Amino acid sequence: MSLQSVRDFFARAGHDIPIIELDTSTATVALAAEAHGVEPGRIAKTLAFRLADERVVLVVARGDARIDNRKFKDTFGKGRMLPGEDVERLTGHPVGGVCPFGLATPLPVYLDESLKDFDEVMPAAGGVHTAVRLSPHKLAEVVGGEWVAVCQPVTEIA
């Protein structure tokens with residue numbers, strides 16, 4: 001059903017974005033990167049937070065980025081990650097397949113600037129075996145997302 005909600009979302013919005021379905025799990029950044037043959041940073045992970053005022057927001061960031069607590073607090077105020085059962089109830093997507101498309105509950109979507117390090121990123125598509133490929137700017141357009149800077153800088157180790 002979650003994958004279908006993503007298909008329906010794309011169809012309603014008139015987006016011709018192919019959904020990649022694999023036989024192997026892509027439920028973690030590492031698994032997704034390996035399955036798609038890309039570096040972990042290209043996997044666009046979707047994180048759900050409950051803010052101090054009880055609003056729930058989604059933050060999409062590059063797969064190898066970590067939330068910077070100070071930047072997050074400066075942007076949103078206090079917040080905490082939602083437990084898995086709340087994430088699934090509010091998004092309609094299972095943990096490991098959470099994405100900003102076809103949400104069960106309308107939620108604001110924020111995209112971390114870290115995604116702009118790539119010409120193409122791969123968010124999940126509502127299932128633990130699914131993804132889509134699109135540019136960060138197309139992702140922002142499709143979900144009506146707002147750009148923020150809430151992640152720590154990602155340093156490359158040579």
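Guide: The buried residues of helix α5 pack against α1 (2-13), β3 (56-62), β5 (109-112), β6 (122-123) and β8 (146-148), where contact means heavy atoms within 4.5 Å, and where helices (H or I, at least four residues) and strands (E, at least two) are DSSP runs numbered from the N terminus. This is a predicted model, in which local features need pLDDT of at least 70 and side-chain atom pairs count only at pLDDT 80 or more, while totals for chains, interfaces and linings use all residues. Residues are numbered from 1 along each chain as its sequence is written, and side-chain values use heavy atoms, with hydrogens and water left out.

Helix α5 spans residues 136-143, and its buried members are Pro-136, Leu-139, Ala-140, Val-142 and Val-143; buried stands for under 20% relative accessible area, exposed for over 50%, and partly exposed for values in between (1.4 Å probe, protein chains only). As background, an α-helix has 3.6 residues a turn, so residues three or four places apart point the same way. On the other side of α5, His-137 and Glu-141 are exposed. After the helix comes Gly-144, with a positive phi near 65°.
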